[in-house]
Amino acid sequence: MNIVVLLKNAVDEAELRADPSGHPILKGAATKMSNFDKNGVEEAVRQKEEHGGTITVLTLGGADSKKAIREAMAMGGTKGVHILAEPEAAPDSLGTAYYLAKAIKRIGEVDLVVCSEGASDTYQGQVGAMLAELLDMPFLAYAKKVEVVGGKIRCEQGFERGVRVLETKLPAVVSVLSETNVPRYPTLLQVMVASKKAIEDVQLSALKESDYPETGFEVVALTIQPVNRKRLILEGQPEEAAKKLLMALKQEGVL
Amino acid sequence: MKSVLSYSEDVGLAGEVSAAGVEVANALGLEAIAIELDVVSVGLRPSGRVVLVQGGKTLEDDTDLAAASIVEVAKAKGSQVLLVGDTRFGRVVAAKVAARLRMGSLGNGKKLRVVGESLVVTRDAYGGKFLADVASKLPCVALVQPGSYSASEGAAVPVETITVTAGETKIVVKETKQGRQAEAGIKSATVIVSAGRGFAKKDDLLLASDLAKAIGGALGGSRPLSSDLGWLGEDQQIGLTGAYVHPKLYIAVGISGQLQHVAGIKDSKVIVAINNDKQAPIFQVADYGIVGDLYEVLPALTKLLKNG
Amino acid sequence: MKLFGPEHERVLLSLYGDAASEFDDLLRSFSAVLEAKVLPLSLGLDQGKGDIAETRRVLFDQGLSKLSYPERYGGLALPFGVYALAMELAGAADASTAMSIGIHNTVADAIAQFGSEEQRRRLLPSLLSGEKLAAFALTEPSSGSDARSMSTRAAKDGKYFVLDGSKMFITNAGEADVYLVFASTPGGHSAFLVEGSNSGLKVGSPLREKLGMRGSHTAEVRLERCHVAAEDSLLGEEGAGFEGAKKLLDSSRVIMGMICVGIARTAYLKALAYSRSRELFGKKLSDFQLTREKLADGVIEMNASRLLCMHAARLKERGLTFASEAAQAKVLATEMSARTCDAAIQLLGGYGYTTDDVHRHWRDARLLAIGEGASEVLRLLIASRELEPKT
């Protein structure tokens, strides 16, 4: 099976700090492979282990993205393709899906595209479905369990209104959840082997054609959400602390 | 006249999204239309008009059919803004609609406003640490978070029916494993008791549900408890990837306070944290905290509440 | 807590230049595994919960023991300095586990360097994979620093040696499958590989009052008419055991030093986080100059210790002798670690004193200025080099 797995090198929100005026310091911010994408890579690797084939790890992002690609290759990806796009000028969901679709079409015959439920830093969950549209492939979203048998893919889909078992013919796009699998940790040997592999660089200009969708996307403002909480610790033995809590809540008027 | 469309497969959310639609439509001087698929839901409280789309099949069963129906209405009604309720189903449908119509799609919307020729959406960013205002030129798609707008007391409105020819679906439903869970009422609850990994086993959640009963609240939890462990339903999941809640009182029990969870509770009036780890990040975002063993604190609270 | 930080990235760049990015990937990936699978169990190990075999297994499975070994052993043939940095990270995740594996790896090294073809073939693969565990038995109840005065004897008896004596403070005792036991023989001191299953090797009760390193198993090991086959068991030349031990200890001192840097860093990060959130006199603890002095001193000392250890490591990589540098590095790093962990307790105040999760770092670090070459002995070694007549 020729598998493509998508990942995003996301801003590490736990390490992200704000400047004195409350704007996030994005330049030089620590990044990491989006948590959910690890599940995507793991799923791709499991399918490859079961059915054979290759995995192309594909991402659109800045220079730091190579770290994430190598991580995915250490887990079991065969090769990496990096669409270079500086974070300051990153396209929106539709633009991202556009570039990914063009890159995937260049790869040739693809049986399965694996992505995750969303990027850990922006979490909009749009790119997967848009990509499926642009590739004219069915989209199996929010798959808790994935099975490929005889040219068909079957999954358990978890929507808020219920869980259903779906099936469609390959090629298809599937998005997995954090509970779909437990991502493996590569051994040091696997990391070393992966770090020696070359990653293909692709320029945006090489992919952009006259049909590029200009949506006028713009980040207008980014400000810190201040946490204005009392942070009062109620001391004492359980019974004592419980009493204090209920009194405080009565005073707050929420009981 | 051109229009602003609103849609959600969830009845309650559909009412909220249509209220958002009316606000945006008024700002643009356009007509507000709420889309219903297959049947008009009982309990729908729309603002503006309703367009019902029907085809040979159940359109709301399949994201492609739902998207295709919305695209048809959008084209017929010259829609400039398409608002979809932010659920998993909604996200997929919105994305498909946006891709088919070559429009931008902005997710997780908490507030919408029109600025010049663009729709500006206010949403959480970076795990909820920051607030972002993002814009897309009209026409565009946007997702509206539950609880961001209040459904209005809509009077009965005239319904226009559009019939479509439902296309072939590429995806086959083999089995329905689980229908919707019993409404936990998380999204509209005024008091929530929420459970995290501090609970050792599923049966211990009884302590949390006892407290919830005594305090008159609903039971919810962090993602691991619903998704990974299956101790709670998907619709009891609170956080960035689950529900955003707006209670007067939120009691987080045995929850460490990861950003992803905290993002969903920020609009609570009062937050209480109970955890035996004094370094747990939840204490940084709580109004009141008890550093202690939940297995002792919860029964103590429940007992005091029962005794008045 | 991120175990791999900017200081590690920068040490790699300044010491390894172009090769840095490959080692960077490796150590970052290793850190992620430590953070997920070892760090969460660390406090429990100090408190007597959990099993060090589990955390050791994580490190073995990653291939830590094989890092510097050639490919024919399934190794990565990586420079000793990279292994040293990996051990700093392991020490930051859990000191007991790192020390336990470090000592085990020293025995593997001994076999690789001094063993016969047969001994290497028989023992190395299972030691490097962690399938078998090793222990290093040199110290005795009455001889620590004065190792030459050891009283354990090995008497030749035809094709066998018979060992009699007692070893003390042996890490991995009771768990080990093979012990490297030093004993005096007619020509000097010799090293013997003794199977844990040998009926003449008896392990005493675990030492229960250890100040720190509580996750590891430490006990007395008695040799009572312990018979070992001379050919299988004698490691290296008879009478040359001591010289061999000294060579091994140079490397293990660098590693113990790096483990101490790791311990200090973990304690430092906890103090740093606390100083940012603790409020007093209308300010944050980190606003006070005396706090900032402690933080700065911590950073200076950790970096200095790390770099002195890496200097010794790089000398070893280039095939040069490094005994003095290794001793210097161990003295500095081990004493620094206790100082830094003590400063962390001070910054954390009442919580520092009353929380296992803070003071265990000082308790762990405190051992290493004593074991593997007490600071006093090492200082004498360094000074005697300085006073040697220079031709």
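Please keep in mind that the model is predicted. Two pairs of chains touch, and the pair with the most contacts is A and B. Chain A also meets chain C, whereas chains B and C do not touch.

**How the chains meet**

- Between chains A and B lie the most contacts of the two touching pairs.
- In the meeting of chains A and C, eleven residues of chain A are in contact with 13 residues of chain C.
- On the chain A side of that meeting, helix H2 (65-75) and helix H5 (188-195) are the elements that give two or more residues.
- H5(A) gives the most to this side, with five residues.
- Sorted by class, the side of chain A that touches chain C holds seven nonpolar, two polar and two charged residues.

**A helix pair within chain C**

- A handy way to picture two packed helices is by the angle between their axes and the distance between the axes.
- Helix H1 (residues 6-16) of chain C packs with helix H10 (residues 289-317) of chain C at an angle of about 35°, and their axes are 12 Å apart.
- H1(C) and H10(C) make a right-handed crossing.
- From H1(C) come C:Glu7, C:Val11 and C:Leu15, which meet C:Asn303, C:Arg306, C:Met310 and C:Arg314 in H10(C).
- The residues of this helix contact comprise three nonpolar, one polar and three charged.

Methods. Residues numbered from 1 in each chain as written. Chains lettered and ligands numbered in written order. Predicted model: local features only at pLDDT ≥ 70, side-chain atom pairs only at ≥ 80, totals over all residues. Contact = placed C-beta atoms within 7 Å. Helix = DSSP H or I, 4+ residues; strand = E, 2+ residues; numbered from the N terminus. Nonpolar A, V, L, I, M, F, W, Y, C, P; charged D, E, K, R; others polar. Axes fitted to C-alpha atoms, helices over the stretch in contact; angles between N-to-C directions. Left-handed = near helix turned anticlockwise from the far one by under 90°.
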